[in-house]
Amino acid sequence: MNLALMYFSTGSCFLLSFLLFFHPLKQNSKANRWLAFFVFLMGNSFLGISFGEATGYLILFLNAIQFLMAPSLLLATLYFVNPTKTLTSKDGLHFLPFLSYVLIEYFLFSGDGSLIREKLFSIGYADFLVRDLLPIQLLLYIGLSYFALVRHQKNLRLITASVKEINLDWLRYFLLILALVLIFWINDALVGMSFMLKVMPIAYAISAFFLAYFSIRQRTIFAFYKKELQDISELFETPQNNKSKKSARLEKNEIDIV
């Protein structure tokens, strides 16, 4: 493995995380902070790959926080499509895998090494480990984020005819790049194709570049005051019927009166 490229990818993610968290234009603040958290965790994931089979409290910590990647990505997306969103108890359910892992790892796990490398079951000649739950979880949340974007683009038609600047296409490309990263991650975890393993550090480095590129292309989603944003949010949350209701047909006695 090309450790230099892995360290480059790690550093790139940490730098992008810093830029998103302290966004110079102060736009989409809550969404960018959740996205910054996700990119920071992604950098930690790259760092964990660089450490290989190393052990220690730092590795245990890096393993645990990877379960925060998927929910932080989804929450970032939800804040992008709804800037007035507030966290609810329902949102807390997304953090249950992380809490469950921490509980088992630090209080219940009694094996050697880390829980992350424990075998769950076998798929052919490959062993499915606890760590292999991470790409599956992230794949699910990328799908949820994508569908939230699709719903957002439909809702935009309710408030404006020109959606080019606020349709969040850059975030859709961001998710596609993540899906590419996920392909290499799944190969590393389950398949083990030698060619993909060799080019994986290059793919991660290129992905980090494009993630940064699409992130800095973002615009202010809704350039409105807070009250107007709240009204827009309520409009999006209210079920809309595209077809106007047809007026009730007149009864026969009403026709006679006319």
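## Lining of the largest cavity

In this predicted model, the largest cavity is lined by Phe38, Met42, Ser45, Phe46, Ile49, Met69, Leu138, Leu178, Val181, Leu182, Trp185 and Tyr204. By class, the residues of this lining divide into 11 nonpolar and one polar, with no charged residue among them. Helices H2 and H8 each supply at least two residues of the lining, and H2 gives the most, with five residues.

The space in this largest cavity comes to about 100 Å³, and the structure holds two cavities of 30 Å³ or more.

## The nonpolar core

The largest nonpolar core has 60 residues, of which Phe38, Met42, Leu138, Phe174 and Leu178 touch the most other members. At least two residues of this core come from each of the helices H1 (3–21), H2 (29–51), H3 (57–65), H4 (69–81), H6 (96–108), H7 (133–156), H8 (169–191) and H9 (194–215).

Strand S1 (residues 119–123) and strand S2 (residues 126–129) run antiparallel and are joined by four bridges, with Phe121 standing opposite Phe128 in S2. The two strands form a hairpin that has two residues between S1 and S2, and Gly124 in the turn has a positive phi of about 65°.

Notes
Residues numbered from 1 in each chain as written. Predicted model: local features only at pLDDT ≥ 70, side-chain atom pairs only at ≥ 80, totals over all residues. Heavy atoms only, no water. Core = buried A, V, L, I, M, F, W, Y, C linked by side-chain atoms within 4.5 Å. Buried < 20%, exposed > 50% of the residue type's maximum accessible area, 1.4 Å probe, protein only. 1 Å grid on protein atoms, 1.4 Å probe; cavity = no way out; pocket = protein on both sides within 12 Å on 5 of 7 lines; lining within 4 Å. Points joined across faces, edges and corners; volume = space filled by probe spheres on them. Nonpolar A, V, L, I, M, F, W, Y, C, P; charged D, E, K, R; others polar. Pairing = 2+ DSSP bridges.
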